[in-house]
Amino acid sequence: MTQTGESLDKKAILVVSFGTMYADTRKACIESVEEKMGAAFPGYEVRRAFTSRMITRRLAERDGIIVDNERQALEHLWAEGFSEVYVQPLHIVAGEEYEKIRGIVNEYTDAKKFRRLELGRPLLYYMGQEARPDEPDDYLAVIKALDVTAGTDEAVVFMGHGGRHPANAAYAALQLKLQDAGMQNVFVYAVEGYPSLERVISQLKAASIRKVRLQPFMLVAGNHVRKDMDGDDKNSAKSVLTAAGFAVEIKRNSLGENPAIQDAYVRHIKDVMDKPAK
C-alpha cells in the first residue's frame, strides 16, 4: 500500500492498556485519559487498544464491544493511511506488557510502515538521576499526584500489581522515593512480588500504626482490587490487615481516576512528540 500526499497529514495517538471488563471502570480510568489526549492534541485522532486477549474476547462475546489489540490497532491505522502515530501505554512500569508493545512498535518501525511511529513511556520510568530536562523524575511526579497525608498513628498503603519481570523493582524504588520525600507513613506493596504485604505489616507495627487506608496503585479498580484488596476472603489485604489488628479503611479510587495521573500520561506522549524524529 502506498500512502497518498493527503494521508501524510493523518495523525493518531494510540492509547494502550491491559484493559478491563467493567464498563464504569473503563469510562473512569481509560476513557478519561483518552479524552484528555484528545483535548491536548486536537489535530490527532485518539484510538484505543487492549493488550489482554482474554478481555477483548470476552468483551466481544458478552457485550458485543470490539476493541483492537495493539497489533490490530496499528494495522488498522496503517490501512487507513495514517502517517504519524504515537503509542502511549497506560501501564505503570516497563514490564512484560510494555515490552510486548515496544516489540511490536519496533517491528512496524523497522518495516517503515509509518512516516513516524513513536512509543511513550509508562508511568514510572525516569528516576531523576541526571539533570536532564527531557528526563524528569517520573516517581516524584507520581508522588505529587497521589497527594496523600496520614496522621502519626495512621498510614496509607498502596497495592500494586507486581510480577516476575525485573522492571517490577519500580515498586521498591517508589517506596524509597516516598521516604526521600518525607512520606514516612505511606507504603507500597505488590500483589505478585516485592515488596510484600507482610513486609509492610512489619513496618506498620514498628511505627505503631493503628489505622490503615488501603488504596490501589493500579490503573483500574478491577478484579485485583475487588478480590485481592477488598475481598472477604481471609487472604485479601483487608482481611489480613484486620486480622493483624489494624483498623482498615478502603478507598477503591484507582490511578486512572486521578486527574493528575491522567495529565502525566499526556505529558509522556508530549515528551515524545517534542523530540526530533528518528
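This report describes salt bridges in a predicted model of a protein chain.

Side chains of opposite charge can pair when their charged atoms come close. In this model, 21 salt bridges are counted.

| Pair | N to O distance |
|---|---|
| Lys27 and Glu31 | 3.9 Å |
| Arg71 and Glu107 | 2.9 Å |
| Arg121 and Asp138 | 2.9 Å |

The pair of Lys27 and Glu31 lies within helix α1, which covers residues 23-40. The two residues are 4 positions apart, about one turn of the helix. Lys27 is exposed, with a relative accessible area of 52%, whereas Glu31 is partly exposed at 23%. Both residues also belong to a network of salt bridges that includes Glu34 and Arg48.

Arg71 forms a salt bridge with Glu107. This pair links distant parts of the chain, for Arg71 is in helix α3 (residues 70-79) and Glu107 is in helix α4 (residues 96-110), 36 residues apart. Arg71 has a relative accessible area of 34% and is partly exposed; Glu107, with 41%, is partly exposed as well.

The side chains of Arg121 and Asp138 also meet in a salt bridge. Arg121 lies in the loop between β4 (116-119) and α5 (138-146), and Asp138 is in helix α5, so the pair ties together parts that are 17 residues apart in sequence. Is Arg121 buried or exposed? Its relative accessibility is 7%, and Arg121 therefore counts as buried, since the cut-off for buried is under 20%. Asp138 is likewise buried, with a relative accessible area of 3%.

Note on methods. Residues are numbered from 1 along each chain as its sequence is written. This is a predicted model: local features need pLDDT of at least 70, side-chain atom pairs count only at pLDDT 80 or more; totals for chains, interfaces and linings use all residues. Side-chain values use heavy atoms; hydrogens and water are left out. A salt bridge is a side-chain nitrogen of Lys or Arg within 4 Å of a carboxyl oxygen of Asp or Glu. Buried means under 20% relative accessible area, exposed over 50%, partly exposed in between (1.4 Å probe, protein chains only).
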